[in-house]
Amino acid sequence: MNQQPLDTAPLGRITPGPEADHLARAVYAALLGDLAQLSDEDWQRPTECEGWTVRDMVAHLVGAAQGHASMLTFLRQYVWGIRHRKAFGGSSLDAMNQRQIDDQRAHSTDTLVQLLTELAPRAVAGRSRRARTLGWAPVHLEAAGSWYAGMPTRTTMAELCAVVLTRDVWAHRLDLARAVGKTLSLDPALDGRIVSDIVADWATRHGQPVSLTLTGDAGGTFGIGRGDTLTLDGLDFARLMAGRRPDGDIPDSPLWATKVLF
């Protein structure tokens with residue numbers, strides 16, 4: 001199919017390099033700003049990720065950053081996940097996430113924030129290095145555990161490190177705000193760019209013509225070909241792509257069956 005962009009926002013992908021590194025650092029900075037506002041009660045609130053409190057989610061982010069900053073730490077987490085995946089519905093990723101949380105049990109919430117503050121720049125640097133040197137390597141994900149229908153099961157190390165892991169931190173920032181009942185302060189240059197990349201990824205995966213209008217500060221108008229017109233909130237679209245339940249009404253479309261990696 002010959003797909004021609006409409007006179008709308010560009011559908012360019014984020015690729016390894018300066019932009020990807022800048023966005024990764026900016027997402028961490030925004031997250032750390034949010035964490036500084038949490039009350040003691042907020043840390044114990046449940047999140048949408050089954051079985052995780054706010055503290056658990058932040059512990060996962062700390063553990064993940066440790067793995068991104070150190071290849072040896074990552075390999076230890078990865079091997080543990082492989083060995084224990086049967087206990088997590090066959091998902092080595094879910095097992096690895098739990099190991100990351102368990103490794104932080106002894107830390108206070110203040111220590112978790114301090115650790116993430118110190119780890120964030122090292123994690124971004126480590127991810128950038130892997131995207132450059134191991135970008136060609138295929139990455140396979142099991143269709144098990146917290147995997148959701150329509151989610152891809154394959155990517156590359158380049159896309160994982162430059163794009164998907166930034167989305168993961170960004171999506172958990174949304175999760176945390178919902179858990180504590182706070183409205184996020186959105187930056188169109190940051191949040192809008194991440195959402196536009198999600199749109200581009202989604203459009204490439206489903207390969208159908210569509211005109212998409214996303215409202216809110218993270219939104220925009222995007223088009224491929226001359227397909228159906230779909231309108232919804234930008235964050236609801238992102239949540240839908242991540243296998244989460246949107247807050248607002250979602251127009252009917254078979255295209256929603258296609259998801260992207262987070």
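The largest cavity is lined by Ile14, Ala20, Leu23, Ala162, Val163, Thr166, Arg167, Ile194 and Asp197. This is a predicted model, where local features need pLDDT of at least 70, side-chain atom pairs count only at pLDDT 80 or more, and totals for chains, interfaces and linings use all residues. Residues are numbered from 1 along each chain as its sequence is written, and side-chain values use heavy atoms, with hydrogens and water left out.

### Exercise 1: the cavity

Work out which elements give two or more residues to the lining of the largest cavity, and which gives the most.

**Solution.** 
- Start with the rules: on a 1 Å grid over the protein atoms alone, a cavity is a set of points where a 1.4 Å probe fits but cannot get out, a pocket is an open set with protein on both sides within 12 Å along at least five of seven lines, and lining residues have an atom within 4 Å of a point.
- There are four cavities of 30 Å³ or more, and the largest has a volume of about 50 Å³ (points joined across faces, edges and corners; volume is the space filled by probe spheres set on them).
- Helices α1 (18-35), α6 and α7 (188-206) each give two or more residues to the lining of that largest cavity (helices are DSSP runs of H or I, at least four residues; strands are runs of E, at least two; numbering goes from the N terminus).
- α6 gives the most, with four residues.
- By class, the lining of this cavity has six nonpolar, one polar and two charged residues (nonpolar: Ala, Val, Leu, Ile, Met, Phe, Trp, Tyr, Cys, Pro; charged: Asp, Glu, Lys, Arg; polar: the others, Gly among them).

### Exercise 2: the pocket

Which residues lie nearest the centre of the largest pocket, and which element gives the most to its lining?

**Solution.** 
- The largest pocket has a volume of about 1400 Å³.
- Its lining counts 47 residues, with Leu93, Asp94, Asn97, Ser146 and Phe262 nearest the centre.
- Two or more lining residues come from each of α2 (54-69), α3 (71-84), α4 (92-102), β1 (138-140) and α6 (157-180).
- Sorted by class, the pocket lining has 26 nonpolar, 13 polar and eight charged residues.

### Exercise 3: the strands around β3

In which sense does β3 pair with β4, and in which sense with β5?

**Solution.** 
- β3 (residues 210-215) and β4 (residues 220-224) are antiparallel, over five bridges (strands pair if DSSP finds at least two bridges between them).
- Leu214 has Gly220 of β4 as its bridge partner.
- The β3-β4 hairpin has four residues between the strands, and Gly216 in the hairpin takes a positive phi near 95°.
- β3 and β5 (residues 228-233) run parallel, over six bridges. Here Leu212 stands opposite Leu230 in β5.
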